[in-house]
Amino acid sequence: METRRLLVLPGDGIGPEVIGAALAVLEAVSHRRGFAYTIDEGLLGGAAIDATGDPYPPETRRKVEQHQAVLLGAVGGPKWDDRPRRPEAGLLELRQHMGVYANLRPFEVWPGLEHLSPLRTQGFRGLIVRELTGGIYFGTPRGRREVDGEWEGFDTMRYRQSEIRRLARVGFEWARRQNTPLVSIDKANVLETSRVWRETVTALGREEYPDVPLVHRYVDAAAMEMVLHPERYAVAITENLFGDILSDLAGGLVGSLGLLASLSVSGEVGSRGLYEPVHGSAPDIAGKGIANPVGAILSLAWLMGWTWADAESQALVTQAVAETIRAGELTPDLGGSLSTEAFTRRVIERLG
Ligand code: NAD
Ligand code: IPM
Ligand code: MN
């Protein structure tokens with residue numbers, strides 16, 4: 001079998017801590033499943049600014065071009081907040097450079113953590129499909145100018161139909177596979193981009209996915225409904241900024257942001273992907289060794305299942321995480337007392 005290749009970009013804050021955990025799991029899975037792999041490492045974000053002055057340096061860019069699978073920790077922190085080019089800009093360049101326009105952010109209430117969900121439900125599972133390489137994050141013009149003796153900041157939100165269509169297809173496909181309705185979230189009562197979004201999604205649904213029920217929601221109402229009825233959000237598509245906000249809300253719904261993984265893709269299973277936990281660099285707990293590594297470990301699991309097309313390894317890791325959580329062996333964000341390392345050891349023990 002071909003050797004599997006992986007590029008890791010640990011980044012800043014708790015990024016290197018949770019990536020360390022994910023790589024320990026990878027090492028154990030490779031023994032258990034009998035595959036070989038190689039790891040290359042690159043600089044991104046604040047770590048890259050410190051070393052080179054650039055949050056996404058040419059050296060990292062070259063490495064990204066040579067890899068199909070990229071695992072990222074997190075970037076950013078107070079140290080770099082006043083820089084003209086912040087660590088976050090490096091992350092956005094990376095996403096655009098890889099062309100991974102569909103950011104899938106699954107969330108679920110894990111058995112054993114029901115008490116941490118504000119809903120105290122039996123459990124639910126949802127998926128936010130967030131547009132990742134367009135919208136107000138990237139639109140031009142943007143900047144600041146002086147108007148009447150004061151600063152005015154401005155950003156631009158734009159979406160072309162082709163960008164909307166390719167993202168919506170990803171959502172429709174997941175909804176069809178899971179036999180659930182697709183919820184499309186926008187702000188079409190106010191924004192022109194959202195009106196084009198809604199028309200385009202509706203037409204695509206009619207033409208290509210007539211079997212998938214399509215529901216439209218305004219983003220404000222969706223935020224409320226996700227809290228009261230998360231089960232209605234089995235698969236939801238939305239633009240970049242709304243998806244950013246709603247996915248942190250989903251983290252709160254399931255008990256901790258540290259639980260959420262993501263995969264950013266532009267094709268089918270077997271194609272390239274960027275894998276990163278949904279959370280940030282968590283400066284408030286960085287360096288303490290207590291970060292929850294589940295988001296990073298499950299992002300690695302998705303990497304194995306998607307780019308490496310190895311569903312069995314993904315299932316093995318997901319199962320081990322689920323068992324560890326169900327046993328009540330938890331990090332402090334979930335009310336437990338295990339360190340990142342101790343929790344990771346428990347997961348590895350369950351890999352057999
Ligand atoms: P954050 O996600 O870093 O933290 C929010 C809260 O959640 C904090 O209280 C933190 O301690 C907690 N938390 C997050 N991940 C956790 C984990 N794995 N285990 C336990 N607790 C966890 O968001 P923030 O504080 O708003 O941002 C901090 C920095 O991270 C900023 O510079 C921001 O731009 C950056 N950021 C980066 C990414 C990324 O690299 N993908 C994502 C979000 C934020
Ligand atoms: C995320 C983060 C990033 C985003 C930031 C750090 C650029 O919040 O991945 O959710 O807004 O996309
Ligand atoms: Mn975010």
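Here are some questions and answers about a predicted model.

Visitor: How are residues, chains and ligands labelled, and which cut-offs apply?
Guide: Residues are numbered from 1 along each chain as its sequence is written, chains are lettered from A and ligands numbered from 1 in the order in which they are written. Side-chain values use heavy atoms, without hydrogens and water, totals for chains, interfaces and linings use all residues, side-chain atom pairs need pLDDT 80 or more, and local features need pLDDT of at least 70.

Visitor: Which residue in E7 stands opposite Arg145?
Guide: Strands are DSSP runs of E, at least two residues, numbered from the N terminus. E6 (residues 143-147) pairs with E7 (residues 150-154) in the antiparallel sense, over five bridges; pairing takes at least two bridges found by DSSP. Opposite Arg145 stands Glu152.

Visitor: What is the distance between the polar side-chain atom of Glu88 and an oxygen atom of ligand 1?
Guide: Ligand 1 is surrounded by 21 residues, where near means a heavy atom within 4 Å. Glu88 is among the closest. A polar contact is a pair of N or O atoms within 3.5 Å. For Glu88 and ligand 1 the distance is 2.5 Å.

Visitor: How many residues of H9 are buried?
Guide: Helices are DSSP runs of H or I, at least four residues. H9 covers residues 294-305. Buried means under 20% relative accessible area, with a 1.4 Å probe and protein chains only. Trp302 is one of the buried residues, and the count for H9 is twelve of twelve.

Technical notes
A polar contact is a pair of N or O atoms within 3.5 Å; within protein, one must be able to donate a hydrogen and the other to accept it, and residues adjacent in sequence count only if both atoms are side-chain atoms. The expected span of a helix is 1.5 Å times one less than its number of residues. Buried means under 20% relative accessible area, exposed over 50%, partly exposed in between (1.4 Å probe, protein chains only).
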